[in-house]
Amino acid sequence: MNRLFMCVCIPAAVVCFSGLLRGEEHGTPEQIRFFESEIRPVLIRECYECHSAASGKSEGNLRVDSRDAIRHGGDRGAAVVPGAPKESLLLTAIQHTDPDLRMPPRKKMLAPETIRLITQWIEDGAIDPRDHADTATETGDLVARRKSHWAYQPPQTGELPDVQNPEWCISEIDRYILNGIESQGLSPARDADPATLIRRLTYDLTGLPPVPESLRRFQTSVASYGVELAIAQETDRLIATPQFAERWGRHWLDVARYAESSGKEANISFPYAWRYRDYVIDAVHGDIPYNRFLLEQIAGDLLPADSDQERARLLIATGFLAIGTKNLDEGNEQQFAADVTDEQIDTLSRSLLASSIACARCHDHKSDPFTMSDYYAFAGIFSSSKTWFGTAVSPSNRVAGDPLILPEGPWTPVFHKATTADHIQALSKELETLTEEKKTKTDAVFKAIAEGRNPGDLFTIRDALRIFWRSGAIEGELEKYDATGKPLALGMGVTDKSQPEDARILLRGEVLRPGETVRRNVPEIFRTGVVGGGLPSLEIPAQQSGRLQLAEWLTNDRHPLTGRVFVNRVWSHVFGNGLVRTVDNFGPAGHRPEHIQLLDYLTVKFIEDGWSLKKLVRALVTTHAYRQSSEWRPEIHERDPENLWYARFPSRRLEAEAIRDAMLAVSGELQQTRPVGSLVGIQIGDRPISLIGLDERIPKDLDGSTHRSIYLPVIRNRLPEVLDVFDFPEPSMVAGVREVTNVPTQSLYMLNSSFVQARAEALALRVKAETSDEEQQIRLAFEMCFSRPALPDEHSRLLTFLRPEEDLANDRDTEHDQPEHTKPEHVKDLQHGRLVTLCAALFCTAEFRILN
């Protein structure tokens, strides 16, 4: 088989067909999350009053409370046409482009960001999971069924399952897997060969390819001690490396929706977000127990610390709650605060509980057992906390955020340079002058109005904007220094407000329609004494937000979801899919796993082992199930095409970071040390992302580094090209699973990117430095890229390619056998160019990007 020339390019017809498939009625989990968090709340808040079954109204014969109704439309036609914004009357109505069709009636036009999100939703196919009209009531049987859902019951372990072939099992995990395989009349795949295994293991644990020395060491160990011991030894070595922490830290950053800008329309940079990234990597490297890891991120500011360094670390950990998207162009302070709280609830519930509690902001949840009262009980906890995110006011945004001041030391490097006390005093004086000018002009306007005079030019819009923007810029600058001009160590995070309070239910989620007050607590379903193993309600002291109590509740050993959800996430990274395929949704609408007993066994063992990620990963990769081949077996693929029973190992495409890092690794250019800070923190600073294109110091593709990809800037709506092309997850949402596409832009990137070409050049120079013999160059390049030798057909064809055609007719005394220094320059140039082309071709193969 000619493996080398399997490349990524696919016919345009296939691309078009895959696009049609993505437009299925119910869409991907990410598209459904987008609808539930961004679209459904707007429809409920702005439209249901006049156009829903629950209201009993369908003005203009239009209802928008189900997928079929909104697409069918009313008297004027379809309200939504998937993929066609210009034909969708809903968009026409909310844009106010037709004077006879303006919605909502008697209200000003919706916010530009809301219109943009609805436009994006329609362009992407208007994915809408509402099969039936939203209604306000449910039957008691339905509520009872939701409460008895498997994921809300405590994990339980029982007797190990019986298997017909116990010799195949080398761990208790294998017994569960083999029992499932045999129950379907299937058999496990044969073991993968050692070269495939070491490549799989090294990428899974570190995100990097094995070096040739590791390949040979592993093959020797297999021959000497057997594959079981060889894998165990290699696993222990890899798990102890910093590269393991970078690889698995990136998995958590996907879940934590890590990014270095606010997103939305204003999109202002977060210059201190990188501290949270480094915190995560250090936590994984130190194998901080997962329950402690969560405790620090939710309530690190409330935990004791025995040093300034530890206090700084715990404050930085709470950046988990601060790095989410923020609409910094929001002019309503109450709305901004409510949206920040909502984003925090959504992130925490999806990432830790695989539940969408935020969907109950405007209405009781339509599939999960969460009510609006549950939502606002949660909301009181987060609205009683102050979020520090450190962005100043600029012409691009209306909202500023204070940075969190951290204890100073070598553990908190600072990039803004010191200034003088005189400069600080001058800025303070200017701010006082602007504040006084604003007061004087405002007083003059009110006085003129009171006297019946036209205020005229007493306080123009231009004056107001000038004072607003300049004052914001000064305040943002002053926050970075103490009174002497010494730069402060700043970060992102949360702390308790001085006066915590319970939240009020907002009818339809509208901040101007407050209802009854709800005591801060966890969802009612977890307080019944039956569901969740009898977890207690929160007892929150009057002067605390409740975050610490919430964190302790979430990390209780008896919690039915926290351990299960994390174990399932880890399993998905090792075996390609979660035991629960919908890794971010454990609710009734999610996937019911075929291996519930295995998931429970792993969860109980994980907790008994001290919530250790490293122990869990080691247990999974040392199973016999992990050693299976991914080879094609028609009977297995036909009977279990989704590999639900794990009778084979799945072939997977590497993530964007692993593809980029692999090119740097095999070319010998990868810098393994961690950079201090980030491009955003050092060069971009605190400013609108729209301005970075004007800075010549910043690479256009945002990728001028040879450090690992985890250290590339993650800017919302402006990702580095290599991340964007290879399906980096949307950093505004919790992403437990990455989508995998196969599109022409990926081929074009690999063929034309200057980054790829530079790596091919470096790889060519590296193999030439090792040997001048073309046969050995081919061998070395294949070992580095694929962890295998070239097949005879590949070797022959590539050798023909590397040697100039006129030489091939000659015997062994021809120019290609001459010492390198005696060859004519034109021959050396030709051979080098062909070697670079060969290296680029290896990068472009499917095999380079596929893990078997």
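Salt bridges and cavities

Author: Being three residues apart in helix 18 (residues 461-478), Asp 463 and Arg 466 are separated by about one helical turn. Helices here are DSSP runs of H or I with at least four residues, numbered from the N terminus. This is a predicted model, in which local features need pLDDT of at least 70, side-chain atom pairs count only at pLDDT 80 or more, and totals for chains, interfaces and linings use all residues. Residues are numbered from 1 along each chain as its sequence is written, and side-chain values use heavy atoms, with hydrogens and water left out.

Reader: In what contact do the side chains of Asp 463 and Arg 466 meet?

Author: Side chains of opposite charge can pair when their charged atoms come close. The cut-off used is a side-chain nitrogen of Lys or Arg within 4 Å of a carboxyl oxygen of Asp or Glu. For Asp 463 and Arg 466 the N to O distance is 3.7 Å, and the contact is a salt bridge.

Reader: Is Asp 463 buried or exposed?

Author: Buried means under 20% relative accessible area, exposed over 50%, and partly exposed in between (1.4 Å probe, protein chains only). The relative accessible area of Asp 463 is 16%, so Asp 463 is buried.

Reader: Which helices hold Asp 600 and Arg 564?

Author: The side chains of Asp 600 and Arg 564 meet in a salt bridge at 2.8 Å, N to O. The pair ties together parts that are 36 residues apart in sequence, because Asp 600 lies in helix 21 (residues 596-608) and Arg 564 in helix 20 (residues 562-575).

Reader: How many salt bridges does the structure hold?

Author: Some are linked in a network, one of them made up of Glu 246, Arg 660, Asp 661, Asp 703 and Arg 708. In total, the structure holds 50 salt bridges.

Reader: How much space lies in the largest cavity?

Author: A cavity is a set of points, on a 1 Å grid over the protein atoms alone, where a 1.4 Å probe fits but cannot get out; lining residues have an atom within 4 Å of a point. Grid points are joined across faces, edges and corners, and a volume is the space filled by probe spheres set on the points. The structure holds five cavities of 30 Å³ or more, and the space in the largest is about 190 Å³.

Technical notes
Helix = DSSP H or I, 4+ residues; strand = E, 2+ residues; numbered from the N terminus. 1 Å grid on protein atoms, 1.4 Å probe; cavity = no way out; pocket = protein on both sides within 12 Å on 5 of 7 lines; lining within 4 Å.
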